[in-house]
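Open the model in your viewer and keep the sequence panel beside it. The stops below go from the whole chain to single side chains.

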Amino acid sequence: MPSDSSPRSRPGLILLAWLWVGAPLAYGLYELVRKATQLFTG
């Protein structure tokens, strides 16, 4: 009796997880570049 125990791909959940992590990461990188530019350019 073969059983399909592999989890199904859930594109919506995967997208939500990427946004959950990616949005704050992108904002943090944006702020880092903005403040580093201010620091080095005066």
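This tour of a predicted model gives a selection at each stop and says what is there.

**Whole chain.** Start with everything selected and coloured by secondary structure. The protein chain holds 1 helix and 0 strands. Of the 42 residues in the chain, 2% are buried.

**Helix H1.** Select residues 11-41, which make up H1. The helix has 31 residues, and the distance from its first C-alpha to its last is 43 Å, close to the 45 Å expected at 1.5 Å a residue. H1 is hardly covered, with a count of 1 buried residue among its 31.

**The bend.** Where does H1 bend by about 25°? Select Gly22, where the bend is placed, and then Pro24, a proline that follows within four residues.

**Nonpolar patch.** Next, select Leu25, Leu29 and Leu32 and show their side chains. These three leucines form a nonpolar patch on the surface, and their accessible area together is about 310 Å². Leu25 belongs to H1. Its relative accessibility is 52%, so Leu25 counts as exposed, the cut-off being over 50%.

**Salt bridge.** Now select Glu31 and Arg34. How many salt bridges does the structure hold? The total is 1, and the side chains of Glu31 and Arg34 form a salt bridge with an N to O distance of 2.9 Å. Side chains of opposite charge can pair when their charged atoms come close. Both residues lie in H1, 3 residues apart, or about one turn of the helix. An α-helix has 3.6 residues a turn, so residues three or four places apart point the same way.

Compare the cover on the two partners. Is Glu31 buried or exposed? Glu31 counts as buried because its relative accessibility is 16%, under the 20% cut-off. Arg34 is partly exposed, at a relative accessible area of 34%.

**End of the helix.** Finish by selecting Gly42. This glycine follows H1 and has a positive phi, near 95°.

Notes: Residues are numbered from 1 along each chain as its sequence is written. This is a predicted model: local features need pLDDT of at least 70, side-chain atom pairs count only at pLDDT 80 or more; totals for chains, interfaces and linings use all residues. Side-chain values use heavy atoms; hydrogens and water are left out. Patches are made of residues with over 30% relative accessible area and no salt bridge: like charges are joined within 9 Å, nonpolar side chains (Val, Leu, Ile, Met, Phe, Trp, Tyr) within 5 Å. Accessible areas come from the Shrake-Rupley method with a 1.4 Å probe; for residues, only the protein chains shown count as cover. A salt bridge is a side-chain nitrogen of Lys or Arg within 4 Å of a carboxyl oxygen of Asp or Glu. Helices (H or I, at least four residues) and strands (E, at least two) are DSSP runs, numbered from the N terminus. Buried means under 20% relative accessible area, exposed over 50%, partly exposed in between (1.4 Å probe, protein chains only). The expected span of a helix is 1.5 Å times one less than its number of residues. The bend at a residue is the angle between axes fitted to the seven residues ending there and the seven starting there.
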